[in-house]
Amino acid sequence: MPRFSIIVPVFKVRGYLHACLDSVLGQSYRDIEVIAVDDRSPDECGAILDAYAARDDRLQVLRLPENVGLGRARNAGMPHATGDYLFFLDSDDTLTPGALRALADRLDETGDPDVLVFDYARTHWWGGTRRNALARLLAVDDVFTAAERPEILDLLMVVWNKVYRRDFVEREGFTFPPGYYEDTPWTFPVLLSAERVATLDRICVYYRQRRRGSILSTTSRKHFDVHEQYARVFRFVDARPALAHWRPFLHTKMGEHCLDILSKPDRLPPSDRGEFFRRTAEMFRAHRPDGAPVPAELRVLEGSYAGYVLRRQAGRAGRELGRRARQTRTASAARYARARAALPHSLDPDLAVYSAFSHRGMLGDPAAIHRAARELAPHIRGVWVVADEERAAALPPDTDYVLLGSPEYRRVTGRATYFVNNVNWPGALVKRPGSVHIHTHQGTPLKYMGADLLGRPGARLGTDVPRMLRRADRWDHSLVANRHSELVWERAYPCHFASARTGSPRNDVLVAAPGERGRAVRARLGVPDGDTVVLYAPTRRDYRRDGLVERIDLARFAADLGPGHTLVVRLHPSLAAGPARGLGLAELHRRGVLVDATDEPEVQDVLLASDVLVTDYSALMFDYALLDRPIVLHADDWDAYRASRGAYLDITAEAPGRVTRSYGELARLFGSGSWRDEESARLRSAFRERFCEFDDGRAAERVVRTLMLGEPMPKAASGPVPVPSQGAGAGLPAPS
């Protein structure tokens, strides 16, 4: 008996069916059967199914004599299922890599619940990928009922984001009705009846958003089916007195769902919209529980269709007025900034303004300079610019700050002498004569930046390079850690600044940090004493719209490293809020397979806690080299990366350590211990000599003394001193 019976209804999806079947049959978890139901598809889907069935005996093809629709096609497949769990997958969607293994593990972990709810991401036809906005609801450890966690019913009420224990479905007699919105009278009864529900905080399905051809985006009277589908839900509840308390909730859901359909311009024929509203209002009145209050947003259903239309028109007009008001305020703010810049009042010589990573908080090089200024120049008041109150709440309690765009922001930036940032300031900020703009950058450049992107249309997607350079014209000083950076920045930003050979202030801690700091970080991350910490830090890709390309199976890598090793993962900041963590990272962290350190505020702390860095093309390698610890470059898509983004050097030929070009090579490298052999040390030494030239642990001091106080700064007596690693492998002789 297989673990999963995957039922795939098929109708007019020849352009997507290959991807769907490949995503299922190519899973590493093999204990499955696939029941493809050919719903009398008029295209070549039948031939595609036959070809796959001939190659893989786990796929059986069921052909229906006539087209019956999605729900009844699923019903046709259920009697043929023999697996422990039913999985209904739409034939234009795909499974994510490792999804079935993750589902099987979670079912084992939770003792075979009635239903397991998992996460998904929408993949849009234009290339974007967006994770389910309510993914947080899936971060639940224990099993539960819908009554214990009613918020589970706020998730998208579809059938394909769950797996169902087959004997539970058969015992309750659940089936799909005909018509559109057939998932509604399945999902609500299933979740309300389940005695044990579990969740998996992992993206297991890519939900394809087609530009055309999707049933729900088809303009048709078939959308009236939603009324009968909810009538089925209410009949189910009426037949079970124990579920009567769900009627107010379902009544609200029904009203919200129907109004959402009515609001979509592509669902209902214009001539039928009034009738749909009236049918909805009748049903809303008929099923309203006695004494139940009507939410404000649903009170429109107590009135007429004409009232609904007027309210919609008023809402659109209000939004348009708001948009125009925002445009006016933005233009006024820009004029105000220019006017203040022209005023004769003097700058405050003791006022410095700081920002980092687009106003995310006290981070990176600006934070290191701010700390040094408080010690060396306490008379200079430092004020941080942050994006919102949430960012402000994360600042140390004694930190002065202003919110971006606020009156206080305009006053402070109109008077400050010093501006320190690692990205460009907003365009409305006018540089006043006498002000000093210090640009720190975000590390040593490997990939093309600035004006060099003009020849890379894919890499500069969404970037206005001329505007970027106009903003860079405000820089007075550009901090560099090596001559390579100095040459690149002067080429990439042909502006008016002077290069300052200060080193990278944020990396002072890598040169001078005490060993206790690394041990404290390891303890905070939960790393067992004596473990060798392998830090994996991948970067984004410009040949994918969302930047995410999974190069390594993290669960496999953690297992292959073996006992005595802890795998720590640090995602690129641009990937942290996207679907990347939902594709397995969050789940593996929860299970203790690895440590997700993406949210650690200071990346230097993560570097100090590790014993070896595995990266692809992240600029972190240039920082990590200061520690003189092993670096492994995993460059399995270097040609594609360099072709799409451009690179200032062939990092595979001038690598900071061993280079691998496949997962097999990476696993063998760690299995043999050659990641820390003499050749690795030789490569690292040459890399450090070239790219750590100006980093001596005094970069922040150098910036404050020379660029803010005008004092001379003596050169360092010696270069950076390696900081010992903390793992069991530290100090061991290299393998022969």
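**Buried residues, a helix pair and salt bridges**

In helix α3 (residues 70-77), G71, A73, R74, N75 and G77 are buried, meaning under 20% relative accessible area, with exposed over 50% and partly exposed in between (1.4 Å probe, protein chains only). Helices (H or I, at least four residues) and strands (E, at least two) are DSSP runs, numbered from the N terminus. The cover over the buried residues of α3 includes β1 (4-10), β2 (32-38), β3 (59-63) and β4 (85-88).

This is a predicted model, in which local features need pLDDT of at least 70, side-chain atom pairs count only at pLDDT 80 or more, and totals for chains, interfaces and linings use all residues. Residues are numbered from 1 along each chain as its sequence is written, and side-chain values use heavy atoms, leaving out hydrogens and water.

The structure holds 65 salt bridges, each a side-chain nitrogen of Lys or Arg within 4 Å of a carboxyl oxygen of Asp or Glu. One of them joins R3 to D108, with the closest N and O atoms 3.1 Å apart. R3 is in the segment before β1 and D108 in helix α4 (residues 99-109), 105 residues apart. R3 counts as buried because its relative accessibility is 10%, whereas D108, at 54%, is exposed.

Another salt bridge pairs D154 with K253, at 3.3 Å between the closest N and O atoms. D154 lies in the loop between β7 (129-131) and β8 (162-165) and K253 in helix α8, so the pair ties together parts 99 residues apart in sequence. D154 is partly exposed at 37%, and K253 is buried at 16%.

How values were computed: Contact = heavy atoms within 4.5 Å.
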